[in-house]
Amino acid sequence: MTVRAGREFLAVPGPTNIPDQVLQAMHAPAVELYSEPLVALTDGLLRDLGGVFGTATRPFIYIANGHGAWEAALTNVLSRGDKILVLESGKFAVDWGDAAARLGAEAEVLKGDWRRAVRPQDVEARLRADKAGAIKAILAVQIETSTGVGNDIAAIGRAIKAAQHGALFMVDAVASLGCVPFAMDAWGVDVAVAASQKGLMSPPGLSFIAAGPRAREANKKAGLRTPYWDWAVRDGGSHYQKYSGTPPEQLLYALRKALDMLFEEGLDNVFLRHRLLAEAVRRAVAVWKKGNVVDFQVDEPAARSDAVTAVLTNGFDANLIRIYCEKKCGVVLGRGLGTMNGKAFRIAHMGHVNAPMVLGTLAVVETALKACGVPHGDGGVAAAIAWLSEHVKP
Ligand SMILES: *Cc1c(COP(=O)(O)O)cnc(C)c1O
């Protein structure tokens, strides 16, 4: 038997739930690609995306997913043979570094641990040791979707500054922009990368790059530039150049609506909502953990992100729990990525999520733990409710 008919709850860390208003915004006819409203739409999106990134520069919009934006970011500032430093705290930073290596860069991974955040002092020490300034760029991920680690980008930025190193600081904010604060200019980030389908609540297919003055300077000498990704082309005068071709009109309508919704709620409220709901999830996991099987993937509480929580199931098949949630109850959890497959499941709490979605998801996970015979502390959902009832005042 199943109890899954009804609205499916998508609790995967991308693509995330798309608000109905955003879906409806796409239901509009194509327009001529130089039309004034479309040009104005692009202008507004670039201005507002810059605001979300926390930068005074105008970002670039790519018709690509996050992987495409990774490649765009790398090719715009690097040359073949350039050395880069990859800050490991999960799969995505390493994969971004691999992409750089395949493009011809020399990628060094600053060994990390998938159960904790990047340590800024390790970054500083490595940079101080690079007396010749061989390292041209540093790659970091703000929220590691694979592990749920939230890295302190401001602190890493300070460490780079303290080391007085000239490498470009490049940050993947794909799973964090629109979920937690990001302050590109204030944090000394030179290149920031994001995508439409996570915190920005839009369909997959768009990605965004903000490039600061140092990155734009590096662009002039970057040997890996290609015509399609090149910022110099996209900075050109015509609207057509901004997309290196036809604009993705309906996706832009969706993004406009999504940004309007975020601004209407207020970004500070959006971040607070994420923090409150994330903490509700953590309260539940902390109770389940008492059965000595379920555990947080991330050891340090401060490094647990407000966008996704990875849950270990030591010795129990995490996929069994995940499949029970999906097939029996209609809640779709994230699977363990790479080496974590079968060892962890992930609860996403990013984007268009509210209390019933998170509490419903937690209640189903607790049901799954019971039904699948996974030892766990009782009352995880009650702890989540207690947290919310204390912090969301009448
Ligand atoms: C999802 C994600 C990506 C990859 O984005 P795609 O759109 O799937 O290519 C990169 N980095 C992080 C941190 C992500 O969460």
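P15 is found in the loop between β1 (9-11) and α1 (20-25); helices here (H or I, at least four residues) and strands (E, at least two) are DSSP runs, numbered from the N terminus. Before I go on, this is a predicted model, where local features need pLDDT of at least 70, side-chain atom pairs count only at pLDDT 80 or more, and totals for chains, interfaces and linings use all residues. Residues are numbered from 1 along each chain as its sequence is written, and side-chain values use heavy atoms, with hydrogens and water left out.

Back to P15. The peptide bond that joins G14 and P15 is cis, with omega about -5°. Q164 is not a glycine, yet its phi is positive, about 50°. For context, most residues other than glycine have a negative phi, and most peptide bonds are trans.

Now the ligand. Which residues come nearest to the ligand? Of the 13 around it, they are H67, T145, D172, Q197 and K198; a residue counts as near if one of its heavy atoms lies within 4 Å. By class, the shell has six nonpolar residues, five polar and two charged. In that scheme Ala, Val, Leu, Ile, Met, Phe, Trp, Tyr, Cys and Pro are nonpolar, Asp, Glu, Lys and Arg are charged, and the others, Gly among them, are polar. Helix α3 (residues 66-77) gives the most to the shell, with three residues.

On to individual atoms. The side chain of D172 has an N or O atom 2.6 Å from a nitrogen atom of the ligand. For Q197, a side-chain N or O atom is 2.7 Å from a ligand oxygen. The protein covers 91% of the 380 Å² of accessible area that the ligand has on its own, by the Shrake-Rupley method with a 1.4 Å probe.

Last, the helix pairs. Helix α5 (residues 120-129) and helix α6 (residues 153-162) pack at about 25°, with axes 8 Å apart. Axes are lines fitted to C-alpha atoms over the stretch in contact, and angles run from 0 to 180 degrees between N-to-C directions. So α5 and α6 are roughly parallel, a label for angles under 35 degrees, while those over 145 count as roughly antiparallel. Helix α14 (residues 355-371) and helix α15 (residues 380-391) pack at about 160°, with axes 9 Å apart. α14 and α15 are therefore roughly antiparallel.

Key: Polar contact = N/O pair within 3.5 Å; in protein donor to acceptor, adjacent residues only side chain to side chain. Parallel < 35°, antiparallel > 145°, perpendicular 65-115°, else oblique.
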